[in-house]
Amino acid sequence: MPAAADDRGAHNWTSEQDTTMRNQAMKYISPVGAMPSLATAAAIGSMMLALMLPGTARAQAAGVDLDAAKILKRMTDYVGTLQRFSVDTSNTLEVVLVSGQKIQFTSASRNTVQRPNKLRSERIGDLISQSFYYDGRTFTIFNPGDGYYVTVPAPNTIDAMVDFARDSLDVIAPAGDLITMDAFDRLTDDATSGFVVGKSVVGGVRCDHLAFRSGVVDWQIWIEDGDKPLPRKYVITSLDVDQAPQFEQLLSNWSLDPAVEARYFEFTPPPGVKAIEFLPVGTAGAKP
Amino acid sequence: MISSRKAIAYGAAFVVLFSAEVAPEAPLGLRLVPEAQAIVGAPLTPGSVAGVARRTTRRTVAVVGTEEASEASAQQAAVTQQQAATAQQQSATAAQQSATAQQQTAAAQQQAAAAPASGGALPLGTVVPSLPADCSTTTAGGVEYYKCGANYYRTAFQGSNLVYVTAQP
């Protein structure tokens with residue numbers, strides 16, 4: 001790791017030196033000196049940013065390009081400042097059969113978040129109805145069509161709830177990381193590389209396309225270009241599963257101030273539905 | 001071998017919440033995947049970037065296949081897919097991955113072979129994604145059970161999936 005950091009540092013230094021030298025040369029051969037100067041300024045600005053942002057510096061040391069870290073951090077910081085928002089998602093989940101055949105399942109959901117500790121997510125336009133409620137005290141999954149729900153006590157922040165749901169309930173939100181307050185660290189702690197692929201358009205919105213590698217997971221994210229750096233697309237590739245299946249999520253209809261009341265996040269069982277329990281995590285099937 | 005191929009393997013826990021995730025429910029899965037086959041690997045897709053890095057619990061995905069009515073017996077095959085080690089070993093090599101896959105396949109076949117023979121009672125705690133045909137409901141101690149042949153089942157959530165677990169009322 002220190003070696004990588006050293007290499008990186010040397011590379012940066014060399015690049016800047018090259019740039020400076022080129023700038024000096026350009027002054028003599030080019031009538032337009034502004035562009036090289038801007039490039040130099042950008043390089044220095046990037047270095048300062050690295051010093052100012054501990055998370056960014058760490059990510060860069062791990063092999064994440066500074067520009068990629070900067071754009072990602074801008075998004076996570078921005079989403080972290082949103083006290084209340086709703087967003088629709090369209091999801092594709094791949095599964096791999098023993099035969100090697102890949103199957104995709106699609107679903108869509110509407111999600112509403114109120115910081116620091118409220119969230120509701122419901123599937124929309126789907127054959128299966130399922131809703132998730134988190135009101136800061138309890139976490140509920142409700143299947144209206146089946147008439148069953150389960151409610152369990154939950155931690156008092158969204159970050160802790162996401163971890164609790166994953167570790168204790170085996171209820172996993174692949175994109176849940178994006179809405180946590182420490183999203184940047186969650187995403188980059190194990191990143192071994194990251195770079196800016198380029199500009200792209202997702203759902204009619206101009207975005208920066210970033211690509212990262214984190215151990216057995218490769219992931220990509222498309223972040224809106226402009227003063228509202230919102231995530232617009234998110235892809236996770238699982239390298240430790242045969243055929244490397246992917247989870248893909250498109251995010252649309254962002255509303256940054258939805259009108260919802262606190263009770264919107266509270267679950268009140270309708271008459272006739274039955275409360276059931278979670279199987280303990282680790283429960284296997286038949287154990288002959 | 002044959003029964004393991006027919007077994008439906010179900011990854012519980014697919015996704016949820018914000019991402020909306022969510023795995024296909026068992027009955028839907030049966031329709032979509034008529035040739036029931038075990039699904040390789042767990043989780044089927046990474047739960048989350050942080051999940052892979054931070055997961056501390058040993059995760060086991062349960063599965064079990066229920067034969068359709070055409071099969072004389074309700075043979076159950078359970079495949080335990082363990083992801084544990086790989087989740088924490090960030091630097092899994094290709095060789096390790098293929099070894100894991102073989103291991104899972106072997107485990108599936110082994111357990112399928114050891115599954116109870118036709119028609120009998122299943123071990124308590126057996127998890128199935130859908131109920132066999134011809135069940136009746138009964139309530140004991142405030143809990144609803146489905147009686148199907150020799151077995152009683154209660155409904156539960158495994159991750160975000162609705163499943164049925166053999167139980168003793």
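Which are the buried residues of α5(A)?

**View 1. Helix α5 of chain A in the predicted model.** The buried residues of α5(A) are A:I158, A:D159, A:M161, A:V162, A:D163, A:A165, A:R166, A:D167 and A:L169. They make up nine of the twelve residues of the helix, which spans residues 158-169, so α5(A) is largely enclosed by the rest of the structure. Just after the helix, A:D170 has a positive phi of about 65°.

**View 2. The open sheet of chain A.** Twelve strands with mixed pairing are arranged in the order β7-β8-β9-β10-β11-β1-β2-β3-β4-β5-β6-β12. At the edges are β7 (193-202) and β12 (274-275) of chain A, each of which pairs on one side only. Helix α5(A) packs on this sheet and touches β2, β3, β4 (131-134), β5 (138-143) and β6 (148-153) of chain A. The direction of α5(A) makes about 115° with that of β6(A).

**View 3. Pairing of strands β2 and β3 of chain A.** Strand β2, residues 102-114, runs antiparallel to β3(A), and the two pair over six bridges. Across the pair, A:V113 stands opposite A:L119 of β3(A). Strands of a sheet pair through backbone hydrogen bonds.

View 4. The side chain of A:S121 makes a polar contact of 2.6 Å with the side chain of A:N111.

How values were computed: Residues are numbered from 1 along each chain as its sequence is written. Chains are lettered from A and ligands numbered from 1 in the order in which they are written. This is a predicted model: local features need pLDDT of at least 70, side-chain atom pairs count only at pLDDT 80 or more; totals for chains, interfaces and linings use all residues. Side-chain values use heavy atoms; hydrogens and water are left out. A polar contact is a pair of N or O atoms within 3.5 Å; within protein, one must be able to donate a hydrogen and the other to accept it, and residues adjacent in sequence count only if both atoms are side-chain atoms. Buried means under 20% relative accessible area, exposed over 50%, partly exposed in between (1.4 Å probe, protein chains only). Helices (H or I, at least four residues) and strands (E, at least two) are DSSP runs, numbered from the N terminus. Two strands pair if DSSP finds at least two bridges between them. Contact means heavy atoms within 4.5 Å. Axes are lines fitted to C-alpha atoms, for helices over the stretch in contact, and angles run from 0 to 180 degrees between N-to-C directions.
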